[in-house]
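Here is a quick, friendly tour for anyone opening this one up for the first time. Have a look at the sequence and the model, then read on.

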Amino acid sequence: MEQAIQAGDLVAARGAAAQLWASGERRFDAQLVLVVDAMKRADWKGARAFLGGRPDKTGGDAIANLVTPALNSWIDVGAREKAPERHLIAALARGRLEPTLALEAALVRVAAKQPTEGAKLAADTVLSDRTSQLVALRLAATLDAAGQADAAKALRGRTAMAAGGREDPMLLLSGQPVTTARGGAAHWLGLLADGLARTPNGSPKLPLLFARAAYWLGDQDWAVRAALVEALDRNGQERDAMALLAGSRTAQPPALQMRHAELLAEAGDMASAVKLADGAARSEPAARSLLIRFADIARRANDPAAAERAYLGLEATLGDVADDAPLRGSLLIARAELKLQAGDWDGAAPLMEKAVNLRPGDATILNFAGYSALERRKNVKQSLARIEAAWKAEPQSASITDSLGWAYFLTGRIDDAVPLLELAQRGDPGNAVIVEHLGDAYWQAGRRFQARYTWRAAALLAEADMAARIEAKLRDGLSAATTAP
């Protein structure tokens, strides 16, 4: 059965689950497969029987407690029972996931042709976490479809995660209404799959079970498809995840196109990844999260022109409000970095100055602007002052401590440089750049044995260009040509 679930073969999974069930081996995964199969066939009586056929002897089956109330309610919707939300309301009274279950109960009411009652229950519910807000957005779409536009608008207005730059990729996929029992069960199982996939150090099998079950019930639900893609990727089935996105019969929303682009990039097909990511970002130009992901793909592909398009697109979404200033400053620095990589100091310098003027107390910006200028021997006094200001603001940062130590090295203050570089190396011992800097400082301070020992440590961490430079230092000692850049 586990192999069938991994392969997405419902027929084989159902056969194995039925055998386990008949033998008395009433595992949760077998139960879920049988419930889903019955719901898929609109066998509501059979679905209810399977759902209630696995008693929890310990009273502590946490996963079943998440699944049973919602699926019982959606089964009742399919069977046209009265008050189908009662299972969720009962669970709500027991204090489990209060806002999420309340909103799911409201969604059940709307799907059961009780939109006014659903809207009222939603209006009385406080949205306190990511999961409740994802259900709220799905409920808002369903209220819209049921003619409750005002209630939908009010509910969206209370969903803080939908605002500005704090976009969650799943928020871009929560606009499909839930109008059937199967669709409701698919939505709930997909939501659980997404949450379980985000659990650190969790098993990949459970998210995949829920995601497969959700997809068997609602393969045209974009949020469900996204949950299955993540579950497959986490389970080491990257090819299956890409095939799922590539094989869609209908045009997919930009958020799924972007995820497909990321999977292509991970597989090494950078040209296709950039093209697909560019198209996804253009399709929804106001979605900052898509533009940020496009920029990341472009940078990984060493495509500065595409990265610049992404950054300019992001800038176009920004206003003059204070909340946008940090992102604007970061974008100016990101654009400056692209120009520096191309050897265009004259193009980079104004961007860095704008960033410093916009965020004069931002340690990251001060450090980048100061260090970039100092290593090119531009405005040495001002550059050193900026790095010192950055270090005063964030002395715990290994990278900023390294910058200040290296700045002192470059300006001849070797006795000041060494202790700072030692501190940076202790903070980030796996950073080859910091370790090489420390080796160079040791050499210049006359500590030749420590310099060679430190360079050997850096060589173990270094990539090709750095490794060749370190090899020359180990052979011939430090020179102007072999000093770290």
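## A word on "exposed" and "buried"

A residue counts as exposed when its relative accessible area is over 50%, and as buried when that area is under 20%. Keep those two cut-offs in mind, since they come back below.

## The big picture

What you're looking at is a predicted model. The average pLDDT is 92, and 96% of the residues score at least 70.

The chain has 485 residues, and 50% of them count as buried. If you take the contacts between residues at least 6 apart in sequence, 56% of them join residues at least 24 apart.

## Two loop residues with a positive phi

Most residues other than glycine have a negative phi. Against that background, let's pick out a couple of residues. Arg80 isn't a glycine, yet its phi is positive, at about 60°. You'll find Arg80 in the loop between α5 (62–79) and α6 (86–93). Its relative accessible area is 77%, so Arg80 is exposed.

Asn302 is another non-glycine with a positive phi, this time about 55°. It sits in the loop between α17 (288–300) and α18 (304–316). Is Asn302 buried or exposed? Its relative accessibility is 68%, so Asn302 counts as exposed.

Val67 has a relative accessibility of 1%, so it counts as buried.

Which residues does Val67 touch, leaving out those up to four places away in sequence? They are Phe28, Leu32, Trp188, Leu189, Leu192 and Phe210. Take Leu192 as an example: it lies 125 residues from Val67 along the chain, but the C-alpha atoms of the two are separated by 8.5 Å.

## α19 against α20

Next up is a pair of helices, α19 (residues 325–341) and α20 (residues 345–358), whose axes are 8 Å apart and pack at an angle of about 165°. Angles over 145 degrees count as roughly antiparallel, and α19 and α20 are therefore roughly antiparallel to each other. The crossing of α19 with α20 is left-handed.

Quite a list of residues meets here. On the α19 side there are Ala325, Arg328, Gly329, Leu332, Ile333, Arg335, Ala336, Lys339 and Leu340. Facing them from α20 are Trp345, Gly347, Ala348, Leu351, Met352, Lys354, Ala355 and Leu358. Sorted by class, this contact has eleven nonpolar, two polar and four charged residues.

## α21 against α23

The other pair to look at is α21 (residues 363–374) with α23 (residues 398–410). Their axes come within 10 Å and cross at roughly 25°. Angles under 35 degrees count as roughly parallel, and so α21 and α23 are roughly parallel to each other. The crossing of α21 and α23 is left-handed.

Which residues make the contact between α21 and α23? From α21 come Ala363, Asn367, Tyr371 and Leu374, while α23 brings in Ile400, Ser403, Trp406, Ala407 and Leu410. By class, the contact of α21 with α23 has seven nonpolar residues, two polar ones and no charged ones.

Key: Residues numbered from 1 in each chain as written. Predicted model: local features only at pLDDT ≥ 70, side-chain atom pairs only at ≥ 80, totals over all residues. Heavy atoms only, no water. Axes fitted to C-alpha atoms, helices over the stretch in contact; angles between N-to-C directions. Helix = DSSP H or I, 4+ residues; strand = E, 2+ residues; numbered from the N terminus. Parallel < 35°, antiparallel > 145°, perpendicular 65-115°, else oblique. Left-handed = near helix turned anticlockwise from the far one by under 90°. Contact = heavy atoms within 4.5 Å. Nonpolar A, V, L, I, M, F, W, Y, C, P; charged D, E, K, R; others polar. pLDDT = per-residue confidence, 0-100. Buried < 20%, exposed > 50% of the residue type's maximum accessible area, 1.4 Å probe, protein only.
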